[in-house]
Amino acid sequence: MGKAVLLVALIALVIYALLRLWEKRKAARLPRRPQHPQAPGQRRVIAPDDDADFLRDLERKRRREKRGEQPKGQQSDPDS
């Protein structure tokens, strides 16, 4: 019984190794995509917390609200 288990484990190991080798060779034949596909002149999307302009505007809005001023582009509503 122990020999049969070792034989099955050995066969499984050989099959696994052959499949890994086959996949690596197949992957080596395929053309690789470039790491940075965008053109050099294009801007990449920046997350809001990485965007200096966004953070600066956010800080300005926070200061205005603290002082009780209206942000630019918003008008006070006399009905409220």
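Which residues make a nonpolar surface patch of about 510 Å²? Select Leu7, Ile11, Ile15, Leu19 and Trp22: these five residues make it. Patches take residues with over 30% relative accessible area and no salt bridge, joining like charges within 9 Å and nonpolar side chains (Val, Leu, Ile, Met, Phe, Trp, Tyr) within 5 Å.

A note on the model before moving on. It is predicted: local features need pLDDT of at least 70 and side-chain atom pairs count only at pLDDT 80 or more, while totals for chains, interfaces and linings use all residues. Residues are numbered from 1 along each chain as its sequence is written, and side-chain values use heavy atoms, leaving out hydrogens and water.

**Whole chain**

Zoom out. The protein chain has 2 helices and 0 strands. Helices (H or I, at least four residues) and strands (E, at least two) are DSSP runs, numbered from the N terminus. Now colour by accessibility. Of the chain's 80 residues, 2% count as buried. Buried means under 20% relative accessible area, exposed over 50%, and partly exposed in between (1.4 Å probe, protein chains only). The accessible surface comes to about 8500 Å², and carbon and sulfur atoms hold 58% of that. Areas come from the Shrake-Rupley method with a 1.4 Å probe; for residues, only the protein chains shown count as cover.

**Helix α1**

Select residues 2-29, which form helix α1. Next, pick Lys26 and Glu23. Their side chains meet in a salt bridge (3.8 Å, N to O). The cut-off is a side-chain nitrogen of Lys or Arg within 4 Å of a carboxyl oxygen of Asp or Glu. Both residues lie in helix α1, 3 residues apart, about one turn of the helix. Lys26 is partly exposed at 35% relative accessible area, and Glu23 is partly exposed at 40%.

**Helix α2**

Move to residues 52-67, helix α2. Select Arg60 and Asp57. A salt bridge joins their side chains (3.7 Å, N to O). About one helical turn separates this pair, because Arg60 and Asp57 are 3 residues apart in helix α2. Arg60 is partly exposed at 41%; Asp57 is partly exposed at 35%.

Then take Arg63 and Glu59. Their salt bridge is 3.6 Å, N to O. The two are 4 residues apart in helix α2, about one turn. Arg63 has 45% relative accessibility and Glu59 has 28%; Arg63 counts as partly exposed, and so does Glu59.

Glu59, Arg62 and Arg63 are linked in a network of salt bridges. The whole structure holds 5 salt bridges.
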